[in-house]
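Colleague: I am new to reading protein models. Could you take me through one, feature by feature?

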Amino acid sequence: MSKRVAGEGTIYFDKSMQRFVGQFPYKDLETGKTKRKKITGLTKKEVLEKGQNFKLDLDHGCVLPKNEDVDITLGEYMNKWLEDTVRSTVRIKTYERYECAYRCHIKPYLASTKLSAFTRVGLQEYFVKLSKSGKVDGSKLAPRTVNAIRRLLKMVFKYAVGDGLLMKNPVELTKPIRIEPTPINVFKVAEYQKLLEVAKAESCRDYLVVRIAFATGMRIGEIFGLEYSAIDFEKNLISVKQTVVTSRHGKRVQRTAKNSTSLRTILVEQNLIEELRKAYQLHNLKKKTVHGWLEKNHDFIIENADGSFCDPAYFSDKIFKKKLLRKSGLSSKFRFHDCRHTHATWLLEQNVDIKTISERLGHKSIRVTLDTYAHVVPKLQQGAVDALQDILHPAA
């Protein structure tokens, strides 16, 4: 690696900003102190060229120009940031979540405030206010929602620092709102069997959705995005390659994952593979006989009458909660996502190692799995003690 030239500065890639960032040392002409100028760009070459031009201006006696955007408001900056930086670089659901958070919870309170006017104390008061009366009707806003807004603002101000509009990120030293653990509802085996029985009586589609959910722990969007081409019938493997998302722009198949570990391969039981094989045979037969069937590259397991993919949000609310649960006589407290929680909990209770479960679920890290299923840990600890008891003190 070639040695850096003195004064060239440090250039690195910031993953959260998706930009190259350079820090270039210079001597303040008024104070004589050495400072660092932060410059961002889409490529390392762009940052280096900006830095070299900056150094040339200094060498020719040019003072640092006053930033023309120094009086920009948060609203002006966020509108531009959402359109120029966010819209083309994140998934549609992520963009809509950011835009909704800004429109509903940030714009009414902070949009007209200048970026330079924000302080840690003021922002902390804002987060507390949201947690107490952040909804339109004046009621409390969920702590998780407030903390999501905090993370969004932290990201926005980080970009502002990178753009040279601020020296420091005022959100950095604020504290997130305390979150109480969300209770997880786990189906009993008898409840699962009753639910499956009712789903089977309703339709093949309903049965397969419930069956796959409990057997794999897949997210509902992943199940609805599953195609037969993702199944290895010989090796009993299901590959998660895409997901169906519902947004304000309708439903769509998204071939980018929630995180890098969401794209995964799950080993499943032989019985499920045989059921999917039979469903595949019916699927192919239907393609030959139903008028208007979609082309070959659309082989969704969970399909509409014309072979197109279904809406997971509709199924979760209208079918699962309001029909299947009701007809099964099960509590309305259950959500479809609890099928995934049940899959993980059952495996943990059978002493399957946490790493394997984390990989099946497609969690970003084992820590996420541990935090989510902390309710099972005491049982696992007792199991460990019982196992040691058998080893250390075997029966005579």
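Colleague: How many aromatic pairs does the count come to?

Modeller: First, this is a predicted model. The count comes to 17 aromatic pairs.

Colleague: How is a pair of aromatic rings described?

Modeller: Now take Phe118 and Phe157. Their ring centres are 5.2 Å apart, and their planes stand at 75 degrees. Planes over 60 degrees apart count as edge-to-face, so this pair is edge-to-face.

Colleague: Where do Phe118 and Phe157 lie?

Modeller: Phe118 is in the loop between helix H3 (92-110) and helix H4 (120-133). Phe157 is in helix H5 (residues 143-162). The pair therefore ties together parts that are 39 residues apart in sequence.

Colleague: Are Phe118 and Phe157 buried or exposed?

Modeller: Both are buried. Here, buried means under 20% relative accessible area.

Colleague: Which residues do ring pairs link into a cluster?

Modeller: Phe187, Tyr192, Phe214, Phe334 and Trp346. Keep Phe214 and Trp346 in mind for the next step.

Colleague: Let us turn to helix packing. At what angle do helix H7 and helix H11 pack?

Modeller: For two helices, look at the angle and at the distance of the axes. H7 (residues 204-216) and H11 (residues 337-349) pack at about 35 degrees, and their axes are 7 Å apart.

Colleague: Which residues in H7 meet which residues in H11?

Modeller: On the H7 side they are Ala213, Phe214, Ala215 and Thr216. On the H11 side they are Cys339, Thr342, His343 and Trp346. Sorted by class, this contact has five nonpolar, three polar and no charged residues. Phe214 and Trp346 also belong to the ring cluster.

Colleague: How do I read a buried residue with a charged side chain? What is the relative accessible area of Arg264?

Modeller: Start with the area, then list the neighbours. The value for Arg264 is 7%, so Arg264 is buried. Arg264 sits in strand S8 (residues 264-267).

Colleague: What lies 3.5 Å from a polar atom of the Arg264 side chain?

Modeller: The backbone oxygen of Leu361. Beyond four places in sequence, Arg264 touches several residues, among them Met218, Glu222, Ile238, Arg340 and Glu359.

Colleague: Where do Asn236 and Asn351 lie?

Modeller: Asn236 is in the loop between strand S4 (231-232) and strand S5 (237-240). Asn351 is in the loop between H11 and helix H12 (354-361).

Colleague: Is Asn351 buried or exposed?

Modeller: Asn351 is exposed, at 59% relative accessible area. Asn236 is buried, at 12%.

Colleague: Now a residue in a helix. Which residues is Ser358 in contact with, leaving aside neighbours within four places in sequence?

Modeller: His363, Ser365, Ile366 and Thr369. Ser358 lies in H12, and at 5% relative accessibility Ser358 counts as buried.

Colleague: What does the side chain of Ser358 reach at 3.4 Å?

Modeller: The backbone oxygen of Ser365. The Ser358 side chain also makes a polar contact with the side chain of Thr369, at 2.9 Å. Ser358 and Thr369 are eleven residues apart along the chain, with 5.8 Å between their C-alpha atoms.

Colleague: And a glycine? How far apart in space are Gly134 and His105?

Modeller: Compare sequence with space. They are 7.2 Å apart, C-alpha to C-alpha, and 29 residues apart in sequence. Gly134 is in the loop between H4 and H5. Its relative accessible area is 5%, so Gly134 is buried. Gly134 touches His105, Tyr109, Lys129, Ser139 and Leu141, not counting residues up to four places away in sequence.

Colleague: Last, the whole chain. What does the secondary structure come to?

Modeller: It comes to 14 helices and eight strands. The chain has 396 residues, and buried residues make up 41% of them.

How values were computed
Residues numbered from 1 in each chain as written. Predicted model: local features only at pLDDT ≥ 70, side-chain atom pairs only at ≥ 80, totals over all residues. Heavy atoms only, no water. Axes fitted to C-alpha atoms, helices over the stretch in contact; angles between N-to-C directions. Helix = DSSP H or I, 4+ residues; strand = E, 2+ residues; numbered from the N terminus. Contact = heavy atoms within 4.5 Å. Nonpolar A, V, L, I, M, F, W, Y, C, P; charged D, E, K, R; others polar. Buried < 20%, exposed > 50% of the residue type's maximum accessible area, 1.4 Å probe, protein only. Polar contact = N/O pair within 3.5 Å; in protein donor to acceptor, adjacent residues only side chain to side chain. Phe/Tyr/Trp six-rings, centres within 6.5 Å; stacked < 30°, edge-to-face > 60°.
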